[in-house]
Structure formats: C-alpha cells, structure tokens
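Open the model in your viewer and keep the selection tool ready. We will go stop by stop.

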Amino acid sequence: MIIVVKPNSTDEQLRHIVDTIESMGLKADLSKGLHRTVIGVIGEEDAVRNAPLGAIPGVEEVLPILKPYKLASREYQKEDSVFDIGFGVKVGGGNLAMIAGPCAIEGEEILFEIGKAVKAAGANILRGGAYKPRTSPYAFQGLGEDGLRILRKVGDALGMPVVTEVMDTRQVEIVNKYTDMFQIGARNMQNFNLLSEVGQTRKPVLLKRGMSAGPTDLLMSAEYVLAQGNKRVILCERGIKSFDSSTRNLLDLALVPNIKGLSHLPIIVDPSHATGRPDLIPPMALAAVAGGADGIHIEVHSCPEKALSDGPQALLPHQYEAVMGQIRKLAALFNKTIPEAKG
Ligand code: PEP
Ligand code: MN
C-alpha cells in the first residue's frame, strides 16, 4: 500500500503516521517528493490489506500497489530517481553514468593507464573487478583485497568514483571499505542474502540483470536492496542467454523503456558483456543512449591480448574515445548530461 499524506503536513504529523504504522507491526518507508509525501507500507500481504491505514489522521489517500515490487515501482515514486555517486557524479534523471575500465584489476600501473585514458575520453566512473566470477575455477580469479586497494588508489588519483563486484556476503565489509558502488553480477542477481547484505549498507548498488531474468525478477531483486533502506540501486542490462552463438549474449534493449515504465530506478546498458564483440559495442552503446538508457558500461583495456579476463571484448582506449565522441553528440540531442568526475 502507498499512503499519500495530506499536503502541508508537519514533521510531527508525519512522525505520528509512521509510529502508528509501526505499532501495527508493519514497516513504513517515507519518501518526501517535491510535490507530495508518500509512505510505503510494507509487511505481510494480509496484514497490510487489513490495517486501518485510512483512519490515521493526516492520511489523504491509501492506494494499493498491485505489483509484487513496491519501493521500486513507478506508482511509489513518479519522478526518476537521481543518485549521487560521489566525485560530483550524478546518475539518473538525465545524468548519464559512463562506466569504463578493465574487466579485472591486474596491477596499479596498467589500471592507472587505462583509467587516465577513459577519464580523458569522458568516463565518469572507473570499473575493475577484484573478485571475478569466472566460469572456470582454474581461470584468474582476481587480486582480491590487493586489487581493491589499487582501485581505490587509482580512483582517488584520477578523481573518479569506482565500482567493483562483490560476489559473496563475506566480501561485503571489505569491498565496502574501498568502493563507491557495489556491483552485483549477473550470476548473483538472485543471491538474496547478498542483496540484503548490500541493502544494509548505504552505498549505491549496480545490479546486473541475470542471464535468464525478466523485468519482474530484476525489480524484485532491486526490492531486496531497497527494503533494507538502501535507496540507491542502478539496474543494468547486460544481455540474456539465447540460441544464437554469434554474440556472447543477446542484448535486450527493449528492457530499458520497459523498465522506465515500471520503475523510477535508473537503468544502464553494458554492450560489452551483452555482445562480447568490439565491433558491435559502439553501435549498441549509441542505440542504448537513444533508447533512454541512463548510462553505458564498457570494458576497456590498453592491451586486450594480454588481458587476464574478457580481453577479446575490450575496446582499445582510442576506440572508447571515438564512441564517447558520438555518445556526447547523441546526449546533447536528447538533452542528457554526462557529469564530469571531479577529484
Ligand atoms: C563484469 O562486469 O565483469 C561481469 C562479470 O559482468 P556480468 O556479471 O554481467 O557477467
Ligand atoms: Mn568482464
């Protein structure tokens, strides 16, 4: 249920409504918008339906939400969410997140070289994996905490926020120490314990779509994070499994406008993992921006043939610069801003 509060209600009246909801054994999630204040009432289905919410003084309207996700829904929040990621970078509501960097953190020097190049090209968030979800247990698994330390150091030196994957609840504390944003990978989209754990932090979460997940599955996973009080979830389309082996996955660009109708959360697109092909990444990045994506995630490496992970799909720095030049033109056409990361 969503409670719409009467206009001009005082903080004291709001407090009373929240206290009353909590005294019914339910959770109240207050959202103060520009024009109205709403309270999401969360709890066991029947308990919420039977609660006499309309009788609480100050309540103007009680609206049922029929979707299984509540806090993530457009009904709950009409305006697009806009999140601060740090270093002057905003995401959502017309601000584009340009995430770039190598698949894995391999060393300080090489990360600095790649980071410097992508920042010069206009990237505003630096990526790099320290814990890698590799299909083979014999493949490079990432540098772990050493990698996190390098990522933080390079991000700070370049004045860029950083994002890195967290694969396990046991890694949340350590990753939280170094990163500006958690990444939940496609393989962990429905690791509900992990989602709740990052939900208990107050760091933004980049939630990648599972390779066989639909929009409802993705939004239910976002709901796990939101329900813990962490509001900053950014969704990411990165391709789904298909019968066609000519691309690594199948990029589902329709997910972007589809999600826009269902949710206020920003959604970005990762054409690197979606296509696995450097020749297809630039055109798909442009199509994503034209389709309303709130950002683009691209893997870049200065020496792809020596990369320890996902080398074949990495763009060279000059290729990234070229696509960024085109994205900038499109962004201007669609009235979007690419915030500059500032140290
Ligand atoms: C990655 O970003 O390096 C990654 C492993 O992505 P995904 O979870 O989408 O496969
Ligand atoms: Mn990768």
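**Before you start**

This is a predicted model, in which local features need pLDDT of at least 70 and side-chain atom pairs count only at pLDDT 80 or more, while totals for chains, interfaces and linings use all residues. Residues are numbered from 1 along each chain as its sequence is written, chains are lettered from A and ligands numbered from 1 in the order in which they are written, and side-chain values use heavy atoms, with hydrogens and water left out.

Helices (H or I, at least four residues) and strands (E, at least two) are DSSP runs, numbered from the N terminus. Two strands pair if DSSP finds at least two bridges between them.

**Stop 1**

Contact means heavy atoms within 4.5 Å.

**Stop 1: strand 3 and its partners**

Select strand 3 (residues 37-42). Three bridges join strand 1 (residues 2-5) to strand 3. Look for Val4 opposite Val38, and for Ile2, whose bridge partner is Gly40. On to strand 2: six bridges join strand 2 to strand 3. Here Asp29 stands opposite Gly40. A hairpin of four residues links strand 2 to strand 3.

Five of the six residues of strand 3 are buried, so strand 3 is largely enclosed by the rest of the structure. Buried means under 20% relative accessible area, with a 1.4 Å probe and protein chains only.

**Stop 2: the largest pocket**

Which residues lie nearest the centre of the largest pocket? Select Val41, Gly43, Glu45, Pro68 and Lys70. The lining has 16 residues, and the volume is about 330 Å³. Strand 3, helix 2 (45-50) and helix 7 (215-226) each give two or more residues to the lining.

On a 1 Å grid over the protein atoms alone, a pocket is an open set of points with protein on both sides within 12 Å along at least five of seven lines; a cavity is a set where a 1.4 Å probe fits but cannot get out; lining residues have an atom within 4 Å of a point. Grid points are joined across faces, edges and corners, and a volume is the space filled by probe spheres set on the points.

**Stop 3: helix 4**

Select helix 4 (residues 145-158). Its buried residues include Leu148, Leu151 and Val154. Among the elements covering them are helix 3 (108-121) and helix 5 (172-178). Gly159 follows helix 4, with a positive phi near 70 degrees.

**Stop 4: the largest cavity**

The structure holds two cavities of 30 Å³ or more. The largest has a volume of about 40 Å³. Select Cys103, Arg127 and Gln183, which are among its lining residues. Strand 9 gives the most to this lining, with three residues.

**Stop 5: strand 14**

Finish at strand 14 (residues 295-299). Gly295, His297 and Glu299 are buried on one side, and Ile296 and Ile298 on the other. Strand 14 pairs with strand 7 (residues 97-101) in the parallel sense, over five bridges. Find Gly101: its bridge partner is Glu299.

Terms used. Buried < 20%, exposed > 50% of the residue type's maximum accessible area, 1.4 Å probe, protein only.
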